[in-house]
Amino acid sequence: MLSAEFACPPTRWSSDDALIVVHGTRAVAASIGAGLMLLMLPVLAQSPKVGDAPEARNMRLVGYNDLHARSAYQPTIHHQGDRYIAYVGHHGGTVDVPKPMNRLTGQPEYSGTSIVDVSDPAQPRYLAHIPGLPGESEQGGAQMVRVCDGKTLPNADASKTYMLRVFGGRAHEMWDVTDPANPTLVTTIVQGLKDTHKSWWECDTGIAYLVSGVEGWRVRRMTQVFDLSDPSKPVHIRDFGLVGQEPGSTGTVPTE
């Protein structure tokens, strides 16, 4: 996790044997500029190497979690009770490591969703991993994730917290993450898809805009609108796309 530390732009530079103040005559400024460029040449000539410390400007690294060596795509940090919980979507595995190890269970699992307590940014605590769709890179995993509290949703159990996620490119799922360390599947909202991508869920209305690839549509992705105000009872409102993308249309297919 990163913590920003902002500062005003410096007006002077100091060293062990000099103090350079940024004002004065044009000649002095030119001399200073030339001197600084000479000092910077060795730095500019250097290239980053594996193992070098991370570079940062106006921020510093305060904590780190390797997510069990899974690539992170979409992180959502949710204020849940008296804690802050990070829900992190993952791509699928790699050819060399198709199923990274879940160190909590000691079992290899297809990458899906990591749940991490980041209440103390200096010491993130890994709570759970939910496996995703088998497959490598964008063919597997569970890249997208959104979270809403039941007390905010119009028709949900006010005592619960819910997570909307994709199951690779094949489905959209709803999970109960009231206890982030023990997530449970509530329902599969829609399945049998050919693709998914970044969806949006309005917590105050419960309306979700799900990016889906529905068989019959003439594009890889379009939009399905669902009422998820009661996460346990998804209601399909409509499918939406550009004219010419819908099933049965003819002519040139508009861009997706």
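Trainee: Where is Ser-199 found?
Mentor: Ser-199 lies in the loop between strand E15 (195-196) and strand E16 (200-201). Strands (E, at least two residues) are DSSP runs, numbered from the N terminus. This is a predicted model, where local features need pLDDT of at least 70, side-chain atom pairs count only at pLDDT 80 or more, and totals for chains, interfaces and linings use all residues. Residues are numbered from 1 along each chain as its sequence is written, and side-chain values use heavy atoms, with hydrogens and water left out.

Trainee: Okay, is Ser-199 buried or exposed?
Mentor: Ser-199 is buried, with a relative accessible area of 6%. Buried means under 20% relative accessible area (1.4 Å probe, protein chains only).

Trainee: And which residues is Ser-199 in contact with?
Mentor: Leaving aside neighbours within four places in sequence, Ser-199 is in contact with Arg-146, His-172, Tyr-209, Leu-210 and Val-211. Contact means heavy atoms within 4.5 Å.

Trainee: Switching to cavities: how many of 30 Å³ or more are there in the whole structure?
Mentor: The search finds one. On a 1 Å grid over the protein atoms alone, a cavity is a set of points where a 1.4 Å probe fits but cannot get out, and lining residues have an atom within 4 Å of a point.

Trainee: How much space lies in the largest cavity, and which residues line it?
Mentor: About 40 Å³, a volume being the space filled by probe spheres set on the points, which are joined across faces, edges and corners. The lining is made by Met-144, Val-145, Arg-146, Leu-164, Arg-165, Val-166, His-172, Ser-199 and Leu-210.

Trainee: Which element gives the largest share of that lining?
Mentor: E12, with three residues. Strand E11 (145-149) and strand E12 (161-167) are the elements that give two or more residues to the lining of the largest cavity.

Trainee: What order do the strands have in the sheet with E11 and E12?
Mentor: Four strands make an open sheet in the order E11-E12-E13-E14, with antiparallel pairing. Two strands pair if DSSP finds at least two bridges between them.

Trainee: Why is one side of E11 left without a neighbour in the sheet?
Mentor: E11 and strand E14 (184-191) stand at the edges, each with a single partner strand, so one side of each has no neighbour in the sheet.

Trainee: How many bridges join E12 to E13?
Mentor: Six bridges join E12 to strand E13 (residues 171-176), and the two run antiparallel. Arg-165 stands opposite Glu-173 in E13. The C-alpha atoms of Arg-165 and Ser-199 are separated by 8.6 Å, though the two residues are 34 apart along the chain.

Definitions and conventions
Buried means under 20% relative accessible area, exposed over 50%, partly exposed in between (1.4 Å probe, protein chains only). On a 1 Å grid over the protein atoms alone, a cavity is a set of points where a 1.4 Å probe fits but cannot get out, and a pocket is an open set with protein on both sides within 12 Å along at least five of seven lines; lining residues have an atom within 4 Å of a point.
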